[in-house]
Amino acid sequence: MSSISRLWHIHATLRRFGLREFYGGKPSRDPRPRGERLRLALEHLGPVFIKFGQALSTRPDIVPPDIALELAKLQDRVPPFPSEQARAIVERSLGKPVSELFAAFDDTPIAAASVAQVHGARLHGDGGSPGIEVVVKIIRPDIEAAVRKDIALLYTLATWAERLSPLARRVRPRAVVAEFETILIDELDLMREGANCSQLRRNWLGSPLIYHPVVFWEFTRPDVLVMERIGGISIRELDRLRALGVDFQVLAERGVEIFFKQTFRDNFFHADMHPGNIFVDAADPAHPSYLAVDFGIVGTLTPQDQRYLAENFLAFFNRDYRRIAELHVESEWIPAETRVEAFEAAIRTVCEPIFQRPLKDISFGFFLLRLFQIARRFNYQVQPQLVLLQKTLLQVEGLGRQLYDELDLWKTAKPIMEEWMRVRLGPAALIEKARYQLPLLTQSLPLLVERSLRSLERGEGLGGAAAVRQQQALLLAIDGNGRRNRWMIAAGSALLAACLLASPVVEGRLPVWPLPLLLLLSLGAAWRALRRS
C-alpha cells in the first residue's frame, strides 16, 4: 500500500468509525461511545496507531476520562491471532513440537497486544518434580511488514512538514520518526527484549521495590520468548488492591523512585510503563512492591543528557531560571548567540505562575512540556533521544497520580538527583575520571602542539582570524590542562600521604596530627582542579 493510499485508508477509517468530530467535523450519529469508536479505529489501523492509543490511555489529565478508560483496553486486550498460528511459530522457531518443548501449553492467550501475544505454559520437570510455570511470548505473524509501511508513511509526512513549515524544521520530525522507528523495530526482536529483562533483573536483584522474571534462553528466539511466570495483581485492579489494604501512597512513591533510579543511577529505564505491564506483590500491604513484564522498550541517555535533566529539574525546583537558560546554551540546544538574559526572562514568566500551586500539584511532565515550548521561541532543537524519556515520565507520573492523588514527585525525586550529582560530579568522581584521562591527555597534548607548529611553519592560519582563534584556544587549553593536572597531582599526593599515615604499617611510629591537614589539602587541591575542568 503506497503512502497516498494509506492516507486515504486512515481518512476512510476515521469516517467509518464516526471520528470526524475529533478534527473539527460534525458530531457522529454512531450510537457507540466515542472512546469505543476511537479504540476500534486504532485497532483497525494497526500496531503503530495502537501504540499511540496506549500512550494516551495513561494520561487522563490530557484526554477525557471516558476515552482514557477505553484506550486502556489497547494495552493487553487487542484481538488475538489464532492459537494454531501461535503453535506453528513456536515449533518453527524452536525446531520441536510444542508437546516436546512444554509439559503444558494453554491455547487461550493470557494477553494480546499490538506486537505480540502471551500464552501460559509449563516446562518439563526433572526427577518427577513439577515443571516451572512460564509464559511464552509470540510475535504476531507478518507484523514487521505492517509496521514498516506505517513508518514509511510517517517519514513521508515528516518530510512534507519539514519542507512546508519552518516550525517543523526546528522540531526535526524526521529525526523523531527515526527514533520511533528504532524503538518499534527493536520491539519486534524478542531476543533483545530478553536481554533487556536480564539487564533490569541484574540491576534490581534483591531490591524490595521491584522484581523482574528469569529468562529461559534455551527456549528464546527472535520471535519467541520464554520467561518465568510471575504472580501478582494488575495495577488496574485498584478495588482489589484497596480491599487488601495496600498502601497506595507507598506504592506510588516507590514507582517514582524506581523510575528516577533507573534513569540516573542505572541509566537503563523501562520505557513502556503502561498499566498492562505492571503488577503488584501485595503480600505485605504496608510495603507493596512491583512486578514488571514486557521489556521490549527500554531507554538510555548520554551522560550529558543525564546531567542536563538533573540540573534542569534541580534548578527549576530552586527557581534558578538563570541556570536553566545557561544549561540550554551550554548544551548547544539553542543558538550560541541567544541572550541568556532574554531566555531567562521568558522562563521566569512561564514558571513563576506554576509555583503558585503546592509542590505536590506541580507536574514534572508539564514542566518539561512548558520548558520546550519556551525554548522553541529561541530556535530550540528538539532532542529525539529525550522523546522516549518524556513519554515514560508522563506515564509514570500519570500512573502515580491515579494511585495517590496527593503524590509529591519532587519529594521523592529530588534526593535521588542530588545524590547522582554528588556521586558523578564530586571530588571523588573527578579524581577517578582524571585517573583514566591523564594518560590519554599526556599522549595527545604533544601531538596537538606538533600539529599546530607544523601549521604555523606552512604559513597556515597566519592570515586567518579563525585559525588564530584556534591556536589561542589550543594554548589556553594546554595551559589550563597543565594547571589542572598539577592540582590533581597535588590532591593525589596529599591523599596518598594521609592514607599512609593512617595505615597500620606506620601506626605508632609517626605523629597523626598532620592527618586532618593532609585531608584538607587534598580536598582543596581537588576542588581547584574541579574548577579548572
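Predicted model: local features only at pLDDT ≥ 70, side-chain atom pairs only at ≥ 80, totals over all residues.
**Exercise 1.** Find out how many cavities of 30 Å³ or more the structure holds, and what volume the largest has.

*Solution.* Next, take the volume of the largest cavity, which comes to about 140 Å³.

**Exercise 2.** Work out which residues and elements line the largest cavity, and how the lining divides by class.

*Solution.* First, look at the middle. The lining has 14 residues, and those closest to the cavity's centre are G255, M273, I278, Y290 and L399. Second, move on to the elements: α12 (248-266), β10 (289-292) and α17 (387-403) each give two or more residues to this lining. Of the elements, α12 gives the most, with five residues.

**Exercise 3.** Now do the second largest cavity: what is its volume, which residues line it, and which element gives the most?

*Solution.* Begin with the space inside, about 40 Å³. Then pick out the lining: F259, F260, T263, F264, L309, F313, L389 and L393. Two or more of the lining residues come from each of α12, α13 (303-317) and α17. Helix α12 gives the most here, with four residues. To finish, sort this lining by class: seven residues are nonpolar, one is polar and none is charged.

Notes
Residues numbered from 1 in each chain as written. Heavy atoms only, no water. 1 Å grid on protein atoms, 1.4 Å probe; cavity = no way out; pocket = protein on both sides within 12 Å on 5 of 7 lines; lining within 4 Å. Points joined across faces, edges and corners; volume = space filled by probe spheres on them. Nonpolar A, V, L, I, M, F, W, Y, C, P; charged D, E, K, R; others polar.
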